[in-house]
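The stops below take in charged pairs, a charged patch and aromatic rings.

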Amino acid sequence: MKKILLLTAVVILTTLASCNKKNNEPSGKDDKPKVDWTQSDNFVLVELREASATLGLTVSDLSRFEDEDWEVSAEGSYIHLEKTINKVDVVMNCYFNEDKTVFHTTCAFDPTSKGNPIEKLSYVKEAVEILNSQFTLPTSDVCDFRMMRYKKITSDSYKTLTSFDESLAKIENEEYNYTFIWADQAASDFDDYTDGLLVLGTMSGLEMSFAKKSDDGYIITLDVTSKKYN
């Protein structure tokens, strides 16, 4: 009987020690502080917030943009929105499904002159860094960082990274263009993500691309999709 009690005590102590060890072990990316990108005043993220907020809206809901001095026009399967903000031409195209509900929105920035908020690479890198490795769309779609694809502007040779930290470190040269993808599920390669987000509507997430335009700043495109409405 004493042997049984002693064995039981050893098992309990071993289990407790194991639990304490696991609780004290670092948990990887979960240990990194998460930043609420929706509260950021970074220009790129402010406009990403605007584009993301269109997901799930009806076509008639988009009329509110006219009250905010956007040029609004219907273009077949999407609604075109355009406005110059802080020396940046911002264009959004909101694509809607058969129920006239927006499921995909693309947002493009074209700086018009110096002194704009996306003039420097550091401003763009800040936007990526604030997004961190994970973000949640207003539709409650939780999307993880999946990959960054980049290449020299004068080259056709792409390189791909799947580590967020390595990708962030690579944003250091304005002679390159970059594409970041956050998505709600895994895929085998870049084309699968692009098709799932932009063409097929089988994923929810964000594709963010940017490249140096001139001394005025960076051409940036954002694509947000929620498969809930496709």
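Select K152, which is partly exposed at a relative accessible area of 35%. The terms here are buried for under 20% relative accessible area, exposed for over 50%, and partly exposed in between, with a 1.4 Å probe and protein chains only. The model is predicted: local features need pLDDT of at least 70, side-chain atom pairs count only at pLDDT 80 or more, and totals for chains, interfaces and linings use all residues. Residues are numbered from 1 along each chain as its sequence is written, and side-chain values use heavy atoms, with hydrogens and water left out.

The side chains of K152 and E175 form a salt bridge, 3.8 Å from N to O; the term requires a side-chain nitrogen of Lys or Arg within 4 Å of a carboxyl oxygen of Asp or Glu. K152 lies in strand β6 (residues 142-152) and E175 in the loop between α5 (164-170) and β8 (176-183), so the pair ties together parts 23 residues apart in sequence. Helices (H or I, at least four residues) and strands (E, at least two) are DSSP runs numbered from the N terminus. E175 is partly exposed, at 43% relative accessibility.

Salt bridges with shared partners join E50, R64 and E68 into one network. Within it, select R64 and E50: their closest N and O atoms are 3.5 Å apart. R64 belongs to helix α3 (residues 64-67) and E50 to helix α2 (residues 43-52), so this pair links parts that are 14 residues apart in sequence.

Next, select E119 and K114, whose salt bridge has an N to O distance of 2.7 Å. E119 counts as buried at 17% relative accessibility, whereas K114 is partly exposed at 47%. The structure holds seven salt bridges.

Now turn to the rings. The whole structure has 14 aromatic pairs, where rings of Phe, Tyr and Trp (its six-membered ring) pair if their centres lie within 6.5 Å; planes under 30 degrees apart count as stacked, over 60 as edge-to-face and the rest as tilted. Select Y78 and Y95: the centres are 4.9 Å apart and the planes at 40°, so the pair is tilted. Y78 sits in strand β2 (residues 78-85) and Y95 in strand β3 (residues 88-96), so parts 17 residues apart in sequence are tied together.

Then select F180 and W182. Their ring centres are 5.9 Å apart with planes at 20°, so this pair is stacked. Both F180 and W182 are buried. They belong to one aromatic cluster, whose members include W37, F135, F145 and F210.
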